[in-house]
Amino acid sequence: WRQHIPESARVHGVIVEGGARPNIIPDHTRAALYLRAAQPDVMDAMRARFRALVEGACLATGCTHTLKFLDDATDARQPNPALNAHYKASMEALGLPVVVPSAEGRGSTDFGNFSTRRPGIHAYFAIADRETAAHSVEMAQAANSDLGRENTLTAAAAMADVAWSFLTQPAFRESVLAAFVPPGAHRGVNSAPQKP
């Protein structure tokens, strides 16, 4: 299946219950999987294909299945260039250098759902002096380090500056709202930005 999904899409899974003995076919098994895609239409197609794969496996093995999609998919994050630029400038003004990655990272978060409904940013900042894998012991240690705490406070100050500017500077607020496109809207005469 991986050969037939976009490079940006992902399937992660674990077998939660696989049986008790290797020489006995279990009467019940259970697995949990994540399907990830950056575009809603790709996710819809992945869900349909996944359902067909499960049904095909059951047909081939004489099994039955119960398939549950436990939550709604997370939307792809909608960047807001005006907010991002202000955050970058605020971080640099506070003495924290900013490196803009050459490629967008992967992952999923419900922030995508928020960013399709209201303008927002999903900002990152360094907590270590070298690249550290996410969700690792090293990342947890970095988060509890002096550098991690110091940079967290700096990032919080930068976010506060962005929020204060949005509330007090009409031109900045309008640039943020102009960059925001609600779901299903297209830029043009009839696409007025939503007020937060």
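Colleague: How are K88 and E92 separated in helix α2?

Modeller: This is a predicted model, in which local features need pLDDT of at least 70 and side-chain atom pairs count only at pLDDT 80 or more, while totals for chains, interfaces and linings use all residues. Residues are numbered from 1 along each chain as its sequence is written, and side-chain values use heavy atoms, leaving out hydrogens and water. Helices (H or I, at least four residues) and strands (E, at least two) are DSSP runs numbered from the N terminus. K88 and E92 are four residues apart in helix α2, so about one helical turn separates them. They form a salt bridge, with the closest N and O atoms 2.9 Å apart; the term means a side-chain nitrogen of Lys or Arg within 4 Å of a carboxyl oxygen of Asp or Glu.

Colleague: Which residues of α2 are buried?

Modeller: Buried means under 20% relative accessible area, exposed over 50%, partly exposed in between (1.4 Å probe, protein chains only). In α2 the buried residues are A82, L83, H86, Y87, S90 and M91. They cover an arc of only 165° around the axis, taken from the directions from the helix axis to the C-beta atoms, which puts them on the same side of α2.
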